[in-house]
Amino acid sequence: MAEEPPHRSAVSTIPVPGLKDFVAGGLAGMAQVAVGHPLDTVKVRLQLEGPTARFKGPLDCTIQTVRHEGILGLYKGMAAPLAGIAFVNAVLFSAYGWLRNVVDPQHNGNAALMSLPNIALAGAGAGAINSFVAGPIELLKIKLQAQYDHSKPPPVASKDPAAQSSPKPKSIGPWQLGKRLVQEHGWRQGIFRGTWATVAYAGFYAGFEWAKRFLASSSVTPAPSQSTPNPSSLVTSPPPAPLPVSKLMAAGAFAGVCYWTASYPLDVAKSRIQNLPPDKASGSVIEALKAIHREGGYRGLFKGYTTR
């Protein structure tokens, strides 16, 4: 008679976030920063524009930044996310894995077997947890990206010696900036403003799983008596087969569109609030959204969206 496998308690079936999630999140985050930071700088600068627009659009912002600040101007503020992105994404990945088990213990947190509402709930919770780490890093990054060095070209025929010998504006690094903000305004108002936009990870994870299921279902040739899978049925149905890398990349791209479409107005408001001096920022997302709408209508809420 075969021996029964040892009994596993309910607690032992819940995997503790470990080295695998930490390393995967860190490497993914560093790659994301290295590739996407120039576009992120353009996005932030467009978001911070007030009623008087400095740039005509993403292309003009890129050209002016390179012309007046050099190619490295597009990488301004990258030190903050690059130093912290491994920890930020590791926290996000780990929190998402843990919350999948909490939300749907029946499937042991297996995203392929979970319903999309449960995946969205786990993603929103992971974003909320991650905001306490990502918020300060985002604030420092945005303030550094908003530093315009030589944003106005000097006069061509200026003969004023004072103008010719004027010192270059001194840029400040993330460590010095963070230290100064905490000393002057405290932790809460100094570096923890605008940490509420990350719940939109619900859209990212739900969009990713829906796209995976749709692509997997569409790749299966249905029998003559079967009809094409209804996209709405994929909310609770797991994918019938593993996906190749190309389709996983397509699903990731779709998830990115879902994430930014769901979160972009909040992201614009977050950028505005985090870049304001602490004594002038109320921190109210509703007030920030109303102000942006008054300035540019609904288009103002999506300024810079095409860079994503």
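Q: Where does Ile71 lie in the chain?
A: Ile71 is placed in the loop between α2 (58-69) and α3 (79-103). Helices are DSSP runs of H or I with at least four residues, strands are E runs of at least two, and both are numbered from the N terminus. This is a predicted model, in which local features need pLDDT of at least 70 and side-chain atom pairs count only at pLDDT 80 or more, while totals for chains, interfaces and linings use all residues. Residues are numbered from 1 along each chain as its sequence is written, and side-chain values use heavy atoms, with hydrogens and water left out.

Q: Why is Ile71 called exposed?
A: Ile71 has 52% relative accessibility. Exposed means over 50% relative accessible area, buried means under 20%, and partly exposed is in between (1.4 Å probe, protein chains only). Ile71 therefore counts as exposed.

Q: What makes Val66, Ile71, Leu72 and Tyr75 a patch?
A: A patch takes residues with over 30% relative accessible area and no salt bridge; like charges are joined within 9 Å, and nonpolar side chains (Val, Leu, Ile, Met, Phe, Trp, Tyr) within 5 Å. Val66, Ile71, Leu72 and Tyr75 form such a nonpolar patch on the surface, and together they have about 370 Å² of accessible area. Areas come from the Shrake-Rupley method with a 1.4 Å probe, and for residues only the protein chains shown count as cover.

Q: How many helices and strands does the chain have?
A: The chain has 9 helices and 0 strands. Of its 308 residues, 39% count as buried.

Q: What makes the span of α9 stand out?
A: Helix α9 (residues 285-300) has 16 residues, and a straight helix of that length would span 22 Å. The expected span is 1.5 Å times one less than the number of residues. Between its end C-alpha atoms, α9 spans only 15 Å. The helix also bends by about 90° at Arg294, where the bend is the angle between axes fitted to the seven residues ending there and the seven starting there.

Q: How does the span of α3 compare with the expected one?
A: From its first C-alpha to its last, α3 reaches 35 Å over 25 residues, close to the 36 Å expected.

Q: Which residues of α9 are buried, and what covers them?
A: Ala288, Ile292 and Gly300 are the buried residues of α9. Their cover includes α8 (245-275).

Q: How do you know whether Lys143 is buried or exposed?
A: Lys143, in helix α4 (residues 116-145), has a relative accessible area of 14%, so this lysine is buried. Leaving aside neighbours within four places in sequence, Lys143 is in contact (heavy atoms within 4.5 Å) with Leu177, Leu181, Arg193, Gln274, Asn275 and Leu276.

Q: Why is Pro242 called exposed?
A: Its relative accessibility is 78%, so Pro242 counts as exposed. Pro242 is found in the loop between α7 (201-218) and α8. Pro242 and Lys212 are 30 residues apart in sequence and 8.9 Å apart in space, C-alpha to C-alpha.

Q: What makes Lys212 and Glu209 a salt bridge?
A: A salt bridge is a side-chain nitrogen of Lys or Arg within 4 Å of a carboxyl oxygen of Asp or Glu. For Lys212 and Glu209 the N to O distance is 3.3 Å, and their side chains meet in a salt bridge. Being 3 residues apart in helix α7, the two are separated by about one helical turn. Lys212 counts as buried at 18% relative accessibility, and Glu209 is buried at 4%.

Q: Which parts does the pair of Arg272 and Glu295 tie together?
A: The side chains of Arg272 and Glu295 meet in a salt bridge at 3.0 Å, N to O. Arg272 lies in helix α8 and Glu295 in helix α9, so the pair ties together parts that are 23 residues apart in sequence. Arg272 is buried, with a relative accessible area of 16%, whereas Glu295, at 36%, counts as partly exposed.

Q: How many salt bridges does the structure hold?
A: The structure holds 11 salt bridges. One of them joins Lys76 and Glu69, with the closest N and O atoms 2.7 Å apart; both residues are buried. Asp40, Lys43, Glu138, Lys141, Asp267 and Lys270 are linked in a network of salt bridges.
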